[in-house]
There are 2 protein chains.
Amino acid sequence: MKRSTMKKENISQAVIRRLPRYYRHLNDLLSNNIRRISSKELSRSIGFTASQIRQDFNHFGEFGQTGYGYNVEDLIQEIGEIIGLNRDYKVAIVGAGHLGTALANYQNFQNMGFVVKGIYDIDEAKIGDHISGIEIQSMDEFVSDVRKKKIDIVYLCTNKNGVQQAVSIIEESNINAIFNFCPVDLKVKEGIVVENINLVDNLLALSYYMKTSHKQ
Amino acid sequence: MKRSTMKKENISQAVIRRLPRYYRHLNDLLSNNIRRISSKELSRSIGFTASQIRQDFNHFGEFGQTGYGYNVEDLIQEIGEIIGLNRDYKVAIVGAGHLGTALANYQNFQNMGFVVKGIYDIDEAKIGDHISGIEIQSMDEFVSDVRKKKIDIVYLCTNKNGVQQAVSIIEESNINAIFNFCPVDLKVKEGIVVENINLVDNLLALSYYMKTSHKQ
């Protein structure tokens with residue numbers, strides 16, 4: 001889809017954060033057999049304003065026709081391509097605790113093409129056990145094993161104390177993407193992209209909103 | 001701490017989202033025995049600009065003294081109070097799958113005063129099992145049980161298909177806060193605050209950034 005190549009470079013952070021939501025929502029629409037939708041209808045169902053939606057979609061090219069709406073399948077295809085979902089990703093999980101186990105079993109990631117191929121821990125009691133059919137390996141084997149398996153992404157699920165050691169080992173490998181579930185602000189070498197999930201921060205925000213809503 | 005009461009009302013969304021990060025970071029400093037810090041030093045360690053930090057802290061009252069810095073313990077106390085951490089919260093988990101199990105065992109939440117008191121599921125095969133010492137109960141018992149236990153917050157961990165039914169049951173109870181881990185945009189009745197964790201959206205954002213960083 002060459003039509004949008006020139007425009008892709010200028011996408012702002014805010015638009016990038018909305019892309020997954022569009023992608024998810026449009027897939028839901030398609031699975032309900034909705035193949036064409038106006039920005040007004042989409043606004044009602046997704047909760048962004050219609051003008052916001054038109055502006056966002058203008059970044060990717062010309063999709064809407066006045067009085068006709070957007071082709072849902074075309075949008076999914078194009079947004080998926082922008083996000084990088086036109087391929088599968090091989091995942092390594094570092095830290096085989098409860099959270100690592102939950103992520104290894106999380107179907108919503110697998111369904112998007114993120115497939116867990118290796119699980120690693122430093123705890124000798126866990127090494128050799130299996131999670132979701134995958135054997136837990138020692139972190140000593142990490143660098144050579146992820147190279148062999150062509151791993152793209154690490155889900156980082158160690159505890160706080162183990163995280164810096166784990167990052168040092170990951171930096172020795174060729175992996176350049178970390179999905180970080182450890183509640184620390186990671187420092188990684190240049191060239192590695194990090195997406196931080198800090199559940200504690202979100203829970204504390206919820207606590208604030210609860211308190212504020214009680215007051216009203 | 002009456003000094004800041006008047007100012008609290010005007011705190012913006014952006015500041016609220018930074019509060020948990022300050023809270024976490026200042027606690028780390030205190031555990032390293034740092035009891036006083038300038039906005040410049042704090043800027044280096046937390047990654048916000050010094051002027052941003054001074055502006056944020058001005059929302060809560062007068063903490064800094066020129067050439068003297070901020071008292072770390074005072075800040076923790078005040079930010080904790082604003083967030084609502086001057087009390088404990090009782091939590092119910094709805095959905096006893098892998099993610100619900102991980103959250104029931106997540107020490108970082110317990111340490112902040114969020115204590116799991118009940119776990120509920122609709123799957124009869126799971127009811128009666130224990131997670132982290134807590135018996136899984138039927139959703140049929142949810143409304144009466146959470147009232148008895150004075151539950152404050154639900155961690156919502158059902159699958160996508162079960163989520164709307166679960167929300168209907170939660171709405172029948174007195175609970176007014178949902179920490180939502182299900183990848184749907186929840187519709188809840190007025191008066192219930194929702195904090196959405198959409199891990200799929202974050203993973204897709206990471207995928208986008210990986211692709212963009214490869215190109216450079």
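This is a predicted model: local features need pLDDT of at least 70, side-chain atom pairs count only at pLDDT 80 or more; totals for chains, interfaces and linings use all residues.
In which crossing, left-handed or right-handed, does H8(A) pass H9(A)? The first view below gives the answer.

View 1. Residues are numbered from 1 along each chain as its sequence is written, chains are lettered from A, and ligands are numbered from 1 in the order written. Helices (H or I, at least four residues) and strands (E, at least two) are DSSP runs, numbered from the N terminus. H8(A) spans residues 142-149 and H9(A) spans residues 163-172; their axes come within 9 Å and cross at roughly 45°. Axes are lines fitted to C-alpha atoms, for helices over the stretch in contact, with angles from 0 to 180 degrees between N-to-C directions. H8(A) is therefore oblique to H9(A): angles under 35 degrees count as roughly parallel, over 145 as roughly antiparallel, 65 to 115 as roughly perpendicular, and the rest as oblique. The crossing is right-handed, that is, the near helix is turned clockwise from the far one by less than a right angle.

**View 2. Side chains between H8(A) and H9(A).** Phe142(A), Val143(A) and Arg147(A) of H8(A) meet Ile169(A), Ile170(A) and Glu172(A) of H9(A). Contact means heavy atoms within 4.5 Å. Four of these residues are nonpolar, none is polar and two are charged. Ala, Val, Leu, Ile, Met, Phe, Trp, Tyr, Cys and Pro count as nonpolar, Asp, Glu, Lys and Arg as charged, and the others, Gly among them, as polar.

View 3. Phe142(B), Val143(B), Asp145(B) and Val146(B) are the buried residues of H7(B). Buried means under 20% relative accessible area, exposed over 50%, partly exposed in between (1.4 Å probe, protein chains only). They pack against strands S3, S4, S6 and S7 and helix H8 of chain B. Just after H7(B), Lys150(B) takes a positive phi of about 55°. Lys150(B) lies in the loop between H7 (142-149) and strand S7 (153-156). Lys150(B) is exposed, at 62% relative accessible area.

**View 4. Asn33(B) in its loop.** Most residues other than glycine have a negative phi. Asn33(B) has a positive phi, near 65°. Asn33(B) sits between helix H1 (13-31) and strand S1 (36-37) of chain B. Its relative accessible area is 55%, so Asn33(B) is exposed.

Definitions and conventions: Side-chain values use heavy atoms; hydrogens and water are left out.
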